[in-house]
Amino acid sequence: MTKLVTVAMKKNGIVKLKSAVGKLQRSLSLGRRSDSGQDEFDYDSTPVPEDVKEGHFAVVAVDAEEPKRFAVPLSCLTNPTFLRLLEAAAEEYGFNHEGAVTVPCRPSELEHILAEE
């Protein structure tokens, strides 16, 4: 019985993670030009910083060291190591915040994960 509860909790966490990734992907599509050349921008949302180029999102690595901000390519969302890091972030910080994604790891660890891409 305990095993079933654990499996259900993991599935619920994965569903929440997929929802958060979907929200992240939708928010990253803000500020892009449509085929008609018109700006498509949701002014009620937080704008994407200028240093985060198209196809990337902001991530802040926070540990005992000084926090460090990264512009991470969307392709990292298929990297199993990075996805585990996002799961850890969801457990530690939750899903409900704005701005850069905060992950609980040393900046050097995130640099290593990004180098795998």
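## Terms and model

A residue counts as buried when its relative accessible area is under 20%, as exposed when that area is over 50%, and as partly exposed in between, using a 1.4 Å probe and protein chains only. The model is predicted, so that local features need pLDDT of at least 70 and side-chain atom pairs count only at pLDDT 80 or more, while totals for chains, interfaces and linings use all residues. Residues are numbered from 1 along each chain as its sequence is written, and side-chain values use heavy atoms, with hydrogens and water left out.

## Salt bridges

A salt bridge is defined here as a side-chain nitrogen of Lys or Arg within 4 Å of a carboxyl oxygen of Asp or Glu, and this rule gives a count of two. In one of them, the side chains of Glu111 and Lys68 meet with an N to O distance of 2.6 Å. This pair links distant parts of the chain, 43 residues apart, with Glu111 in helix α3 (residues 107-115) and Lys68 in strand β4 (residues 68-73). Helices (H or I, at least four residues) and strands (E, at least two) are DSSP runs, numbered from the N terminus.

Glu111 is partly exposed at 36% relative accessibility, and Lys68 is partly exposed with a relative accessible area of 36%. Arg106 forms a salt bridge with Glu109, where the closest N and O atoms are 3.1 Å apart; Arg106 is partly exposed at 35%, and Glu109 is partly exposed at 34%.

## A buried valine

Val101 lies in strand β5 (residues 101-103) and counts as buried, with 16% relative accessibility. The C-alpha atoms of Val101 and Val60 are separated by 6.1 Å, although these residues are 41 residues apart along the chain.
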